[in-house]
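Biologist: Before we go through this model, could you keep each answer tied to its geometric criteria?

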Amino acid sequence: MFRRDREHNLLDMWMDLLNEIENAPVYPTTTTRKDVQVSEENGTVSITAELAGLDKDQVDIEVSNRTVTIQAESDRKNFSWDKTFTYEIDPESVQATMVNGILDMTIEKKEKTSAKKVEIE
């Protein structure tokens, strides 16, 4: 009987631990830089990065459903920045321009979709 109680308590402890892990807050991974500004307005995310001394050919941008990564490399400068958003963004909506070393990007937030009822044929 002691053994059964002990096993039950261990199982409860494991279940509590798993619940804590599943409910742990998710913190976005962001490299904080003073030369990158992020703002949100009317369902659009705007990102401005100061990349003085770099040409647009030296800048690589990757956008996924939640993450934006900007990397650049030249003989004189290396630049790396990424941000993971807590909401989904639309990679297909990205617009980027670079003038005089200033990279400006806009990305639309994805609209929240609701569940769809499926009819069985």
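Biologist: In which strand is the place of T44?

Modeller: This is a predicted model, in which local features need pLDDT of at least 70 and side-chain atom pairs count only at pLDDT 80 or more, while totals for chains, interfaces and linings use all residues. Residues are numbered from 1 along each chain as its sequence is written, and side-chain values use heavy atoms, with hydrogens and water left out. Strands (DSSP E runs of at least two residues) and helices (H or I runs of at least four) are numbered from the N terminus, and on that numbering T44 is placed in strand β2.

Biologist: Is T44 buried or exposed, and which side chain does a polar contact of 3.2 Å join to T44?

Modeller: Buried means under 20% relative accessible area, exposed over 50%, and partly exposed in between, using a 1.4 Å probe and protein chains only. T44 counts as buried because its relative accessibility is 16%. A polar contact is a pair of N or O atoms within 3.5 Å; within protein, one must be able to donate a hydrogen and the other to accept it, and residues adjacent in sequence count only if both atoms are side-chain atoms. At 3.2 Å, such a contact joins the side chain of T44 to that of E108.

Biologist: How far apart in space are T84 and T67, C-alpha to C-alpha?

Modeller: T84 belongs to strand β5, residues 78-84, and is partly exposed, because its relative accessible area is 21%. The side chains of T84 and T67 are joined by a polar contact of 3.5 Å. Although 17 residues separate T84 and T67 in sequence, their C-alpha distance is 4.3 Å.

Biologist: Which residues of the largest nonpolar core touch the most other members?

Modeller: A nonpolar core is a set of buried Ala, Val, Leu, Ile, Met, Phe, Trp, Tyr and Cys residues joined through side-chain atoms within 4.5 Å. The largest one has 19 residues, and those touching the most other members are I47, L51, V68, I70, F79 and L103. At least two residues of this core come from each of β2 (44-50), β4 (67-73), β5 and β7 (102-108).

Biologist: How many aromatic pairs does a search of the whole structure find, and which residue lies over the face of Y87?

Modeller: Rings of Phe, Tyr and Trp (its six-membered ring) pair if their centres lie within 6.5 Å, and planes under 30 degrees apart count as stacked, over 60 as edge-to-face and the rest as tilted. The search finds 1 aromatic pair, the tilted one of F85 and Y87, at 5.4 Å centre to centre with 40 degrees between the planes. F85 and Y87 are both buried. A charge sits over a ring if NZ of Lys or CZ of Arg is within 6 Å of the ring centre and within 35 degrees of the ring normal, and the residue over the face of Y87, at 4.3 Å from the ring centre, is K109.

Biologist: What is the relative accessibility of N100?

Modeller: N100 is in the loop between β6 (95-99) and β7, and has a positive phi near 50 degrees although it is not glycine. Most residues other than glycine have a negative phi. N100 counts as exposed because its relative accessibility is 76%.
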